[in-house]
Amino acid sequence: MKKLFLGMTALCCLTSCYQAERNCEDFRTGTFEFESYLEGELVKTRFVRNDSIEIDYFRGKADTSSIRWINDCEYLLSNLNPKNRAEEKPIHMKILTTKDNTYTFEYGLVGESNKQRGTVVKTE
């Protein structure tokens, strides 16, 4: 029993030390692509981000948002030209993990508990 306890303790210590890679600074600026399903169809969004502005290109239209970084891995995205009340609310973006030229993120409207996840590829 004592050996089992020591083994389980060692295993817990080793696995609790693992941290997902988060090199968020590498993804602060650049050109990115994001794919998602919308009404059963796989669609692609391309966006260009500098430190304070993000321009999204989706289905032949461009949309510009301001960025306010909260910390190295989180920022608020606010649409500069909202077309309705839903677009007026900022979106909280949080980079969860990074690997090579991709990152996994979580996002949701500020003040709401519903969150979604996605993966972005940095193309430039």
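## A tour of the barrel

Start by selecting Y103: its bridge partner in β8 is V120. This is a predicted model, in which local features need pLDDT of at least 70 and side-chain atom pairs count only at pLDDT 80 or more, while totals for chains, interfaces and linings use all residues. Residues are numbered from 1 along each chain as its sequence is written, and side-chain values use heavy atoms, with hydrogens and water left out.

Stop 1: Strands count as paired if DSSP finds at least two bridges between them. Now select the turn. Six residues lie between β7 and β8 in this hairpin, and G111 in the turn has a positive phi of about 90°.

**Stop 2: the whole fold.** Zoom out. The protein has one helix and eight strands. Both kinds of element are DSSP runs numbered from the N terminus: helices are H or I with at least four residues, strands are E with at least two. From the N terminus on, the order is α-β-β-β-β-β-β-β-β. The eight strands close into a barrel in the order β1-β2-β3-β4-β5-β6-β7-β8, with antiparallel pairing. From one strand to the next, the twist averages 35°. Axes here are lines fitted to C-alpha atoms, for helices over the stretch in contact, and angles run from 0 to 180 degrees between N-to-C directions.

Stop 3: Select β1 (residues 30-38) and β8 (residues 116-122). They pair in the antiparallel sense over three bridges. Within this pair, E33 stands opposite V121 in β8. Next, select β5 (residues 74-79) and β6 (residues 91-99), an antiparallel pair with four bridges. Here E74 stands opposite K94 in β6.

**Stop 4: the disulfide.** Which residues form a disulfide? Select C24 and C73: their sulfur atoms are 1.9 Å apart. The rule asks for a pair of cysteine sulfur atoms within 2.5 Å, and by it the count comes to one disulfide. C24 lies in the loop between α1 (2-16) and β1, and C73 in the loop between β4 (61-71) and β5, so the pair ties together parts that are 49 residues apart in sequence. The torsion about the S-S bond is about 100°, so the disulfide is right-handed. Are these two cysteines buried or exposed? C24 counts as buried at 2% relative accessibility, and C73 is buried at 6%. Buried means under 20% relative accessible area, exposed over 50%, and partly exposed in between (1.4 Å probe, protein chains only).

**Stop 5: salt bridges.** The whole structure holds eight salt bridges. Each needs a side-chain nitrogen of Lys or Arg within 4 Å of a carboxyl oxygen of Asp or Glu.

- K44 lies in β2 (residues 41-49) and E33 in β1, so the pair ties together parts 11 residues apart in sequence. K44 is partly exposed at 44%, and E33 is partly exposed at 26%.
- Select E41 and R59, with closest N and O atoms 3.5 Å apart. E41 sits in β2 and R59 in the loop between β3 (53-58) and β4, 18 residues apart. R59 counts as exposed at 53%, whereas E41 is partly exposed at 45%.
- Select E54 and R49, which meet at 3.1 Å, N to O. Both E54 and R49 are buried.
- Finish with E25, R28 and D51, linked in a network of salt bridges.
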